[in-house]
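Look at the model first, then read on.

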Amino acid sequence: MAQSKTVNEFKKMRSYFTYANQLYPHVILIQFSLSIINTVRIFLNILFIGQLINLLINPSQAFMPPVLFTGLFLVALLAVNITADYLQAKSFTGMHYLNKNANTNLANKMLDVDYLTFTDSKFRDIYSSVKAGFTYTGSFMTFVSGILDGLVSFATTLVLAGGSLIFLFSTKSQDTSGFSQFANSIWFVVVAVILIIIPIIASFPLGKIQSRLFEKFYQINVSFNRTLEYYMSIVFRDPVYGKTLRLYDPKDKMVQGVIKEVDDQFTENSKIQTQSVAIGNLDTVLTFLVVAGFYLLIAIKGLTGAIAIGSVIIYVGYFQQIISSLSNLFLQWNNRRAAFKTIDQYIAFMNFDNEKTSGRDLTIPQEIQTIEFENVTYQYPGSETYAIRDLNLTIKAGERVAVVGRNGSGKTTLIKLLIGLASPTTGRILVNGKDITDFNVDDYQNLFSVVFQDFKLSAFSIVENITANSPYDKDRIKTALELAGIDEKVAQLPDGIQTPITQELSSSGVNFSGGELQKLAIARAWYKNAPVVILDEPTSALDPLSEAEMYEQFDNLIQAKTALYVSHRMSSTQFSSRIVVFDQGRLVEDGTHKTLMAEQGIYCNLFSEQAKYYQK
Ligand SMILES: Nc1ncnc2c1ncn2[C@@H]1O[C@H](COP(=O)(O)OP(=O)(O)OP(=O)(O)O)[C@@H](O)[C@H]1O
């Protein structure tokens, strides 16, 4: 069982090789070569000192003059050092790219998935976990420069030291003292093997405890840091939260919250640290005893004349090398779990099933003739109720449709379904008679210009926000700003359209009011020039005059385009050739202002309520 688990882990490691090589070509080969050459370098140094002493003490039996030996050794060492330095530099670059490319892949995947996957809590959890793993337990870098290095260095050490230890066991001393008898007997080998086995056996439980402590440290700190992150980046930094904080004055509670969190984190980490140091000390004492025992064994071989003094140094050095390489391997191997878990999660994240890539490649129509909802229902994942029920609705090219209804009646959900941010639970949506799931999502979404209720502008310049992915056109930018009624404000700014929005990325940035931001978002939507325009409550922060003006201008400027206006305020309905009314996910009324007023249903109610206030 345990054996097959290890075999599986080695199999898994083979697939990690492939992923690591994709992130930085040949990184595995580079690390293999570096680990081997670094080990060879250590062995060469030990060999040199020992052999030189042998040559100097016993020149008559020298296989070459000490000067020649030193010269040859220095040349060999120079070659090894140059190669090692070259590989070290390559490995350093490799580690940088492993980290950078893995993070870039995560960011690209996050931005590239369809909206439903993007909002899927399972998907987001894996993302957070991988990011935390990258920070706290490492991943490909730990695997390559830690675990792989540990394995290759140990294997190289065994090959280099193993042969010479066998030679040590086979060299016999000539005298007949009790020490010599022991040194020549099988007991010498038995004691040496026991000394090698002791650290191996001890490493298992010690390493396991260390590894558990490490995992505990990781879990505790992920949770602490999440809480601290909430305080630091949301509560203390977000200007919107800043208002609430001042108004409701929970300052003491917040500051105490941070202090408690930092104190608790320190207490928990100190406990782990103390336990970890105790385990480390136990390991050090054990290693010391084992090395001392081996010194004694080699000294016996030396004192009884079986090996030369210089060889004593060589064997002791080699043995120490086996022990330190072994303990490094155990350390790395015991820590592998956390790194492997992060790599597995990275692979799962990168392979997360994404509807967007599932082969929808029908050519997108240049013009839209009809949009049809055919028996569409929609239930949000995890929700018990339907947000949209049995919807049958056809919208024709050029229509201006006002979507009206009380809070939670399904208006925004209708828009999400139409633009492909969500797929119907049952039923179909057709554009020009073709099921929209047959189109490529990116191309399909280019058919729509949308301003959402919760629209976002980035901290880039005004012009970058407005042009977004479209080509720069000075005249269109001017018109867009005029249409949205924000041209005068922008003209007053010293940097004009180059002014960054907010000071998040630049100190010359400007903070706009909620209404001004809405106007910029409307300018961006118009600039995109898509065949269908959707305004989902874009005017809630505008004063009634600006709102009416904006709708009038917008309606004139979009000409023959199809438009959907979602609004609680009835100013949008004035410009709409058709009004559809939603109630609890159902389409309940469909007509013009005149016919719906005559029906005296929900629309008539909503309109009359608002008209009353405006007349007042
Ligand atoms: N992500 C979500 N997960 C679960 N339920 C949701 C989600 N988003 C919306 N809902 C629910 O779906 C229903 C319709 O919501 P929707 O946002 O479409 O309403 P709306 O008419 O746009 O409301 P409002 O006028 O308040 O913006 C509501 O009951 C809402 O609680």
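Six strands make up an open sheet of mixed pairing, in the order β6-β7-β8-β3-β9-β10. Strands here are DSSP runs of E with at least two residues, helices are runs of H or I with at least four, and both are numbered from the N terminus. Two strands pair if DSSP finds at least two bridges between them. The model is predicted: local features need pLDDT of at least 70, side-chain atom pairs count only at pLDDT 80 or more, and totals for chains, interfaces and linings use all residues. Residue numbers start from 1 along each chain as its sequence is written.

The edge strands, β6 (448–451) and β10 (586–591), each pair on one side only. Neighbouring strands are turned by 15° against each other on average, direction ignored. Strands β7 (532–536) and β8 (562–566) run parallel, joined by 5 bridges. Asp536 stands opposite Val566 in β8.

Axes are lines fitted to C-alpha atoms, for helices over the stretch in contact, and angles run from 0 to 180 degrees between N-to-C directions. Contact means C-beta atoms, placed from the backbone, within 7 Å.

| Helix | Strands | Angle |
|---|---|---|
| α13 (residues 411–418) | lies across β3, β6, β7, β8 and β9 | about 150° to β8 |
| α18 (residues 514–528) | touches β6 and β7 | about 175° with β6 |

Now the ligand. The residues around the ligand (C-beta atom, placed from the backbone, within 6 Å) include Tyr380, Asn407, Lys411 and Gln453. Helix α13 gives the largest share of this shell, 3 residues. By class, the shell has 2 nonpolar, 9 polar and 1 charged residues.

Notes
Contact = placed C-beta atoms within 7 Å. Nonpolar A, V, L, I, M, F, W, Y, C, P; charged D, E, K, R; others polar.
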